[in-house]
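Dear colleague,

I am handing this structure over to you, and I would be grateful if you could look through it with the notes that follow beside you.

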Amino acid sequence: VTPELTRFVGVQNYVRMTVDPQVATSLLVTLRYGILAIPITLGFGLFLASLVNAKNLSGQSFFRTMFYMPSMIPVVAAGLIWAGVMNTQTGWINLALEAIGLPGPDWLNSTFWIYPALVLIGLWATGNLMLTLMAGMQGVPNELYEAASIDGAGAWVKFRNVTLPMISPVLFYNLTLMIIGAFKYFDMAYILKNGTGGPDGATLFYNLNLYKNAFEYNLMGYGSALAWVLFLIVFVLAIVLFGTSGRWVYYAGDGKK
Amino acid sequence: LVGGLAVFILLTFLMPLGYMFSTGLKSKEQMSDPNAPVLWPFSQQTFTYNGEELPVYQVPIDNRTENLAAVNRTRTATTFIDPADPEAASSSGRATGARWSRPTSPMLSGATSRKPGTNSTSRCSSATR
């Protein structure tokens, strides 16, 4: 390209995104994964935090350490381990399912089961989520639980009406990070399916599509445009989330409820 | 109750690490054979014949499956003998998979071997693989 032959292309890369079917597909894949993964992961983290924080659980430190441990395993190693565990013939999950009379799905090669598989793998890294939620739970004043007990509240009512509102800032923090994490999801899909986006495009996440355009097809300009749109999507979602936080996040001391 | 639940969830949660521990004990052959036992390390059964260790295969013959040792393997045919009775004539068949045993099993190589040279090739038969 010589200077006299160049011409300003303007927002051509952004216009191209509107007609590129892969962009819509990858956004749909990312949304599908996020809608499934975020509530399940948050719920599981909440459950683990409650479990290892239970007063009548002996060996709390041991359980906390053990549940946190997989978070320290590098994502590539974790991906290869899970690929073995989810093997249709020799994987332990399918063997366990067959032992109880259930057919083992083809976790990594089915366009339906790949999402539960990715969510299941993601649950292995809930250590940080568990720790932050646990710290939030430990910060709830005992007086509130005592008052609830006097009012005749059971365990579930105390959890629903005392614990959850009191840890809502931690939940909000984790929810924000998880939404951002879902949109930048890349590594596990790349490791498990070698970056092909298979089966049948089911793991062509937005970030994977971005990576392929920028570094495989050498379309760095288009890749950059995709990255900017990703930033804008996440930014808008974060603003919406912060906008709603006043309705459901409780900050003691600032007058909000 | 809470302790039991925590232990159950922890064991399920750390199951992939158990899988890797089990994998770390297996041989390359066991890992590459989908029909090999999954949980524990096993080695393929062998039968020592004429001083040579022969792999034992499961061979379906006439609606039954027999464990036969492969004497001679080529691309198109394999000659088998019966490790339990190498003197007896055997039938033709196709090997469907390797026969696996624990490393400490008495069926390991040499445990049931016969004296070298007591078996004649006329008692062996060829089977396509």
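A crossing of two helices is called left-handed if the near helix is turned anticlockwise from the far one by less than a right angle, and right-handed if it is turned clockwise. Helices here are DSSP runs of H or I with at least four residues, strands are DSSP runs of E with at least two, and both are numbered from the N terminus.

Before the findings, please note how the values were made. This is a predicted model, in which local features need pLDDT of at least 70 and side-chain atom pairs count only at pLDDT 80 or more, while totals for chains, interfaces and linings use all residues. Residues are numbered from 1 along each chain as its sequence is written, chains are lettered from A and ligands numbered from 1 in the order in which they are written, and side-chain values use heavy atoms, with hydrogens and water left out.

**The two chains**

Chain A has 13 helices and zero strands, whereas chain B has three helices and eight strands, and in chain B the order from the N terminus is α-α-α-β-β-β-β-β-β-β-β. The C-alpha trace of chain A spans about 80 × 55 × 25 Å along its principal axes.

Of the 257 residues of chain A, 43% count as buried, and of the 129 residues of chain B, 37% do; buried means under 20% relative accessible area, exposed means over 50%, and partly exposed lies in between, with a 1.4 Å probe and protein chains only. Chain A exposes about 13,900 Å², of which carbon and sulfur atoms supply 66%, and chain B exposes about 7,400 Å², of which carbon and sulfur atoms supply 55%; these areas come from the Shrake-Rupley method with a 1.4 Å probe.

Contact means heavy atoms within 4.5 Å. Among the contacts in chain A with a separation of 6 or more, 68% are between residues 24 or more positions apart, and in chain B 60% of the contacts between residues at least 6 apart in sequence join residues at least 24 apart.

**Helices that pack together**

Two packed helices are described by the angle between their axes and the distance between the axes. The axes are lines fitted to C-alpha atoms, for helices over the stretch in contact, and the angles run from 0 to 180 degrees between N-to-C directions. Angles under 35 degrees count as roughly parallel, over 145 as roughly antiparallel, 65 to 115 as roughly perpendicular and the rest as oblique.

The axes of helix α2 (residues 21-52) and helix α7 (residues 127-138), both of chain A, come within 8 Å and cross at roughly 55°, and the two helices are therefore oblique to each other. α2(A) passes α7(A) in a right-handed crossing. Among the residues that make this contact are A:Leu42, A:Gly45 and A:Ala49 of α2(A), together with A:Leu133 and A:Met137 of α7(A). By class, the contact has 10 nonpolar, three polar and no charged residues, where Ala, Val, Leu, Ile, Met, Phe, Trp, Tyr, Cys and Pro count as nonpolar, Asp, Glu, Lys and Arg as charged, and the others, Gly among them, as polar.

Helix α3 (residues 60-68) of chain A also has an axis that comes within 8 Å of that of α7(A), and the two cross at roughly 145°. A:Arg64, A:Phe67 and A:Tyr68 are the residues that α3(A) brings to this contact, which divides into five nonpolar, three polar and one charged.

The crossing of α3(A) with α1(B) is left-handed. A:Phe62 and A:Phe63 of α3(A) and B:Ala6 and B:Leu10 of α1(B) are included in the contact, which has nine nonpolar, one polar and no charged residues.

**Backbone details**

Most residues other than glycine have a negative phi, and most peptide bonds are trans. The peptide bond from A:Gly198 to A:Pro199, however, is cis, with omega near 0°, and A:Pro199 sits in the loop between α11 and α12 (206-216) of chain A.

In chain B, B:Asn50 has a positive phi of about 55° although it is not a glycine, and B:Asp62 likewise has a positive phi, of about 50°. B:Asn50 counts as partly exposed at 40% relative accessibility, while B:Asp62 counts as exposed at 61%.
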